[in-house]
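Okay, thanks for coming, everyone. I'd like to walk you through some aromatic side chains and a bit of helix packing. Let me put the structure up.

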Amino acid sequence: MAVLGWITVGERAEAVESPIELRRGVGKKPKVREPYFVQFIKGQILDTDNHEFDFMGTTYQARKEALFQGGLKIHTTISPQWQKLAQEAIRGNLSEASDPEGAMATVETKTGAIRTLVSGTDFVRDELELAAGQGRQTGSAAKPFTLVAAFRQGVPAGKVYRDKSPLCGSEIPGWRSASGCVYNAEGGGSDDGYRDLWSATQYSVNVVFAQLALDIGPESIVDAAQDMGITTPLDAVPAITLGSEEATPLDMASAYGTLANSGVHCDPFAVQRIEHGRQVLYKHKAKPNCQQVVDAPIAHQVTAMLERSACCGTGGRAWQTIRPMAGKTGTSPDYTNAWFVGYTRYLSTAVWVGHVKGLVPMKYDYYGGPVFGGTFPAAIWHDFMVQVVDSFPFEDFPAPPPPEYGTIPDVLGLLEEEAAETLAEANFTPIVEEIKGAEPV
């Protein structure tokens with residue numbers, strides 16, 4: 001510096017004579033705890049099976065060097081404001097130290113853009129992988145996949161089944177469980193012993209969906225779920241209709257978004273573009289990767305049934321969103337996982353509640369009783385969605401196909417049980433009423 005004339009000879013001599021000291025803490029690498037979404041983005045880019053980022057290298061090491069060597073500006077789909085609202089909705093409902101954890105994912109149905117991804121009440125503290133990593137049993141939130149599979153095979157929405165609970169052994173041949181029986185959980189049986197798919201969906205009646213799954217085959221349910229956006233491996237077992245298989249909140253939000261989007265599934269994505277200086281290295285496709293995977297009339301039919309489930313069934317806590325919405329609750333056996341997955345025309349959000357350590361029952365001291373999908377999860381969903389739905393235009397769901405009609409069988413003279421079975425086989429729901437004052441014949 002003295003040679004260049006930037007300092008005087010005297011200043012140089014003074015600097016040479018001065019001892020060199022380091023400021024306290026210099027050289028210590030601070031421990032960085034990055035938000036969950038940042039961890040998710042890193043995982044997406046470093047996953048070499050994700051060929052969308054091959055421009056950064058085709059090996060893990062090459063991508064790691066490109067990602068961390070500095071200078072990259074990564075623009076994501078996350079909405080910081082929505083992320084804050086999602087975190088507040090979870091913390092506001094799970095505020096006690098003894099409460100379970102919660103996770104949430106929100107995607108735009110018409111693009112697949114991921115807008116929120118929340119993993120636990122405090123990711124910085126706990127670093128839990130809940131929203132897009134390890135899946136959890138979905139409970140009855142899997143029932144819409146069964147409906148899609150059934151309607152693909154031409155099963156009418158008015159199809160009628162026995163709703164007695166439990167159904168065991170010869171009453172439900174082909175069902176496999178530890179007890180040999182299937183029971184209703186959130187929904188009970190009817191007084192008349194029969195129920196159509198509309199009512200079974202509204203009240204989440206397990207025994208009806210178990211019979212439907214056996215009729216259509218569990219393989220068709222796996223196909224429907226994977227077509228709609230479930231990426232985790234699924235076993236083709238009848239209990240899949242009751243949510244025995246696992247999925248992540250991100251997958252569930254994406255799959256339900258297919259129904260919101262008239263059967264068109266858009267792959268979820270988190271990175272919009274990547275820049276280095278003024279150079280754009282990557283830009284997400286101008287047209288999102290969307291495909292028609294479910295016929296539109298089927299998607300509209302299932303949505304109409306899930307609207308009824310949300311407004312007037314097990315999902316009532318989620319209903320007041322000031323927008324048309326549809327959704328489904330889910331509760332796994334022994335109350336170990338609880339879900340609410342719901343959507344408007346533009347947004348699909350999945351909420352999971354459970355314990356991190358695994359299948360820990362949530363039976364007591366919550367809302368005065370066990371945790372169902374209609375308790376914490378539905379309340380969290382509502383508290384978040386009611387604040388963000390106005391970001392999009394008001395749009396109702398398309399109408400479902402008109403109901404089918406048929407000729408009522410002649411059951412005059414038949415015994416009550418035989419008459420009821422005859423009507424049910426023709427997809428009419430039998431209603432047995434005693435006429436007061438009538439004389440026996």
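Before any counting, here's the rule I'm using: rings of Phe, Tyr and Trp, with the six-membered ring taken for Trp, pair if their centres lie within 6.5 Å. And keep in mind that what you're looking at is a predicted model. By that rule, the count comes to twelve aromatic pairs.

Let me pick out one of them, Phe 145 with Tyr 256. Their centres are 6.4 Å apart, with 80° between the planes, and the pair is edge-to-face. Phe 145 sits in helix H6 and Tyr 256 in helix H10, so this pair ties together parts that are 111 residues apart in sequence.

Are these two buried or exposed? Phe 145 has 5% relative accessibility, so that one counts as buried. Tyr 256 comes out at 0%, so it counts as buried as well.

Now, Tyr 256 has another partner, Tyr 343. That pair is edge-to-face too, at 6.2 Å centre to centre and 70° between the planes. Here Tyr 256 of helix H10 meets Tyr 343 of strand E15, residues 337-343, so the parts being tied together are 87 residues apart in sequence. Tyr 343 is buried, with a relative accessible area of 0%.

Okay, back to the helices themselves. For two packed helices, you'd describe them by the angle between their axes and the distance between the axes. So how do H6 and H10 cross? H6 covers residues 143-152 and H10 covers residues 249-260; their axes come within 11 Å and cross at roughly 40°. That makes H6 oblique to H10, and the crossing is left-handed.

Who makes the contact? On the H6 side you've got Pro 144, Phe 145 and Val 148, and on the H10 side Met 252, Ala 255, Tyr 256 and Leu 259. Sorted by type, that's seven nonpolar, no polar and no charged.

There's also an aromatic cluster to find on the screen: Trp 82, Tyr 346, Phe 384 and Phe 392 form one together.

Last stop, Phe 40, which is in helix H2, residues 36-46. Phe 40 is buried, with a relative accessible area of 12%. What does Phe 40 touch, leaving aside its neighbours within four places in sequence? Ile 114, Leu 117, Ala 132, Leu 250 and Ala 270.

Definitions and conventions
Residues numbered from 1 in each chain as written. Heavy atoms only, no water. Axes fitted to C-alpha atoms, helices over the stretch in contact; angles between N-to-C directions. Helix = DSSP H or I, 4+ residues; strand = E, 2+ residues; numbered from the N terminus. Parallel < 35°, antiparallel > 145°, perpendicular 65-115°, else oblique. Left-handed = near helix turned anticlockwise from the far one by under 90°. Contact = heavy atoms within 4.5 Å. Nonpolar A, V, L, I, M, F, W, Y, C, P; charged D, E, K, R; others polar. Phe/Tyr/Trp six-rings, centres within 6.5 Å; stacked < 30°, edge-to-face > 60°. Buried < 20%, exposed > 50% of the residue type's maximum accessible area, 1.4 Å probe, protein only.
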